[in-house]
Amino acid sequence: MKYGFFPGCNMPAIRPDVEKAIRLSMPRLGVELEEMEGYVCCPAYGTFHSSDEEATLAVSGWNLSIAEQKGLDVLVECGSCYSSLRMGKSLLEDHERKSRVDELLKKAEKKYEGKATVRHMIEVLYRDVGVEKIKQEVKRPLEGVSAVIQYPCHTVYPSDIVGFDPRGGKPYMLGELVEALGAKVEHFSCEYQCCGGAGGFHRNSAIEAAAFAKRKLDAIKAETGAKLIVVSCITCLMFLDSVQKELNSGGGSYSIPVFDYNQILSLCMGFPAEQVAAIATTPRDEIVKLF
Amino acid sequence: MINLAELKQDLYKEVTEHNDIRYCFNCSTCISGCPASEANPPLLIRNLVRKVLLGQEDALLDDDSPWACVTCSKCEEMCPMGVKPFELCLAIRRWQCRNDETRIPQSLPELFERGYTQPVEKAQALRASVGLGELSLVVHDPELLKRFQAMLKETKIVKENSYMFKE
Ligand code: SF4
Ligand code: SF4
């Protein structure tokens with residue numbers, strides 16, 4: 001199994017410990033990661049998608065062509081990157097748009113044929129690697145620890161473009177992946193609510209966006225005994241982590257550690273926390289010390 | 001009150017490039033699951049559909065609410081009429097940018113200059129602290145960066161606002 005690894009820009013710039021966790025844990029599971037040399041911003045929804053469609057698709061084409069040249073599919077952890085690249089690929093199926101983008105890509109001496117598929121980390125772990133393989137590689141299970149899941153909205157909606165769950169309905173794959181580590185996954189009333197951290201919501205309405213996340217955090221506290229939140233999206237990770245401090249400065253009391261799946265997986269595999277879970281706003285010591 | 005004389009009937013054709021929003025029947029499903037409907041001012045996507053269909057050009061140009069969208073696409077999934085509210089939200093932003101250059105996101109020139117919105121190339125110390133080396137970035141390869149910029153210079157947004165984009 002080999003993929004072109006698309007790190008995006010938040011992960012390598014702000015949360016490189018997640019990147020390290022991915023680079024350590026995936027090869028253990030038999031997944032080889034190839035560099036996508038010269039990849040650029042996905043483009044993020046707030047950039048070209050919001051200003052010019054042909055520029056959006058040119059940038060999508062640029063990125064997809066890198067994996068295509070290598071004969072590989074693209075592996076992405078960030079929900080926004082995943083959704084943007086899937087959306088780009090889907091729009092490029094339209095002949096008219098594609099021929100315009102072909103012209104633009106020619107200026108860059110690149111060629112796009114639509115051969116590479118964009119895959120999210122959750123799906124690759126669940127389908128291509130499988131729960132059994134993950135169980136075999138767990139050295140220090142999270143036995144008896146309760147967790148809740150943040151399912152990244154960008155991997156769920158719109159299902160015809162980003163979805164990977166043939167059962168449809170509520171997502172479950174990340175939950176089963178966490179159970180493979182020995183943890184107990186608890187359910188709660190706001191489980192499928194989006195984190196609220198992407199796009200302009202928090203930027204334009206910080207108080208309202210924090211209140212939106214508070215509803216979820218309150219439900220976790222009231223309805224579960226969760227000791228951690230597991231996500232698989234850099235935006236969910238950064239927002240659910242930092243919003244707790246924001247709420248605490250307004251008199252709240254929130255201290256639920258947030259982990260990307262590959263981080264907690266790497267800890268269960270025995271990799272050092274200083275490398276794979278080094279950066280957080282909400283302290284993670286209670287979980288890290290279990291390893 | 002809406003002044004009928006000030007309405008632009010074909011506005012929806014200008015705004016939505018590809019799909020037909022006239023199927024919208026005002027059910028508000030798109031609002032009920034929308035995180036940004038809790039923003040201040042709220043993003044009420046159904047109202048935006050009305051604005052576009054009615055042709056309220058000035059009001060639409062001044063409307064900041066599309067920029068609060070978290071891009072979760074829940075509305076896209078739930079709309080029973082295939083209106084694609086999320087795509088409309090992006091289409092309104094694009095239309096605003098076409099008609100008012102101050103709407104153009106500041107991240108665009110950054111993306112043009114270095115390929116990313118985050119300064120990935122400046123994170124080397126942090127990356128090294130967790131045992132990571134440098135990525136093979138477009139900013140590290142002047143020839144490649146030139147090709148990237150040559151491509152973008154052919155797009156409308158960069159052509160028409162070239163003063164914003166520095167090589
Ligand atoms: S869900 Fe669709 S049909 Fe209903 S109000 Fe929104 S855009 Fe219109
Ligand atoms: S995509 Fe935007 S408009 Fe649609 S539900 Fe999500 S935040 Fe609201």
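## Second largest pocket

With three residues, α5(B) gives the largest share of the lining of the second largest pocket. This is a predicted model, in which local features need pLDDT of at least 70 and side-chain atom pairs count only at pLDDT 80 or more, while totals for chains, interfaces and linings use all residues; side-chain values use heavy atoms, with hydrogens and water left out. Residues are numbered from 1 along each chain as its sequence is written, and chains are lettered from A and ligands numbered from 1 in the order in which they are written.

The volume of the second largest pocket is about 590 Å³. A pocket here is an open set of points, on a 1 Å grid over the protein atoms alone, where a 1.4 Å probe fits and protein lies on both sides within 12 Å along at least five of seven lines; lining residues have an atom within 4 Å of a point. Grid points are joined across faces, edges and corners, and a volume is the space filled by probe spheres set on the points.

Lining this pocket are 33 residues, and Val156(A), Tyr157(A), Gly169(A), Pro171(A) and Tyr192(A) lie nearest its centre. Two or more lining residues come from each of α9 (173–179) and α11 (206–223) of chain A and α5 (74–78) of chain B. Helices (H or I, at least four residues) and strands (E, at least two) are DSSP runs, numbered from the N terminus. The lining comprises 18 nonpolar, nine polar and six charged residues. Ala, Val, Leu, Ile, Met, Phe, Trp, Tyr, Cys and Pro count as nonpolar, Asp, Glu, Lys and Arg as charged, and the others, Gly among them, as polar.

## Largest pocket

The largest pocket holds about 1,100 Å³ of space. Its lining has 37 residues, with Gly46(A), Ala198(A), Gly199(A), Gly200(A) and Arg203(A) the closest to its centre. In chain A, α1 (10–14), α4 (79–91), α10 (201–204) and α12 (234–249) are the elements that give two or more residues to this lining. By class, 15 lining residues are nonpolar, 18 polar and four charged.

## Chain B

Chain B contains 10 helices and zero strands. Its radius of gyration, taken over C-alpha atoms, is 20 Å, well over the 15 Å that the globule rule gives for 167 residues, so chain B is more spread out than a compact globule. That rule is 2.2 Å times the number of residues to the power 0.38. Along the principal axes, the C-alpha atoms of chain B fill a box of roughly 55 × 35 × 25 Å.

Of the 167 residues of chain B, 49% are buried, that is, under 20% relative accessible area (1.4 Å probe, protein chains only).

Methods:
Buried means under 20% relative accessible area, exposed over 50%, partly exposed in between (1.4 Å probe, protein chains only).
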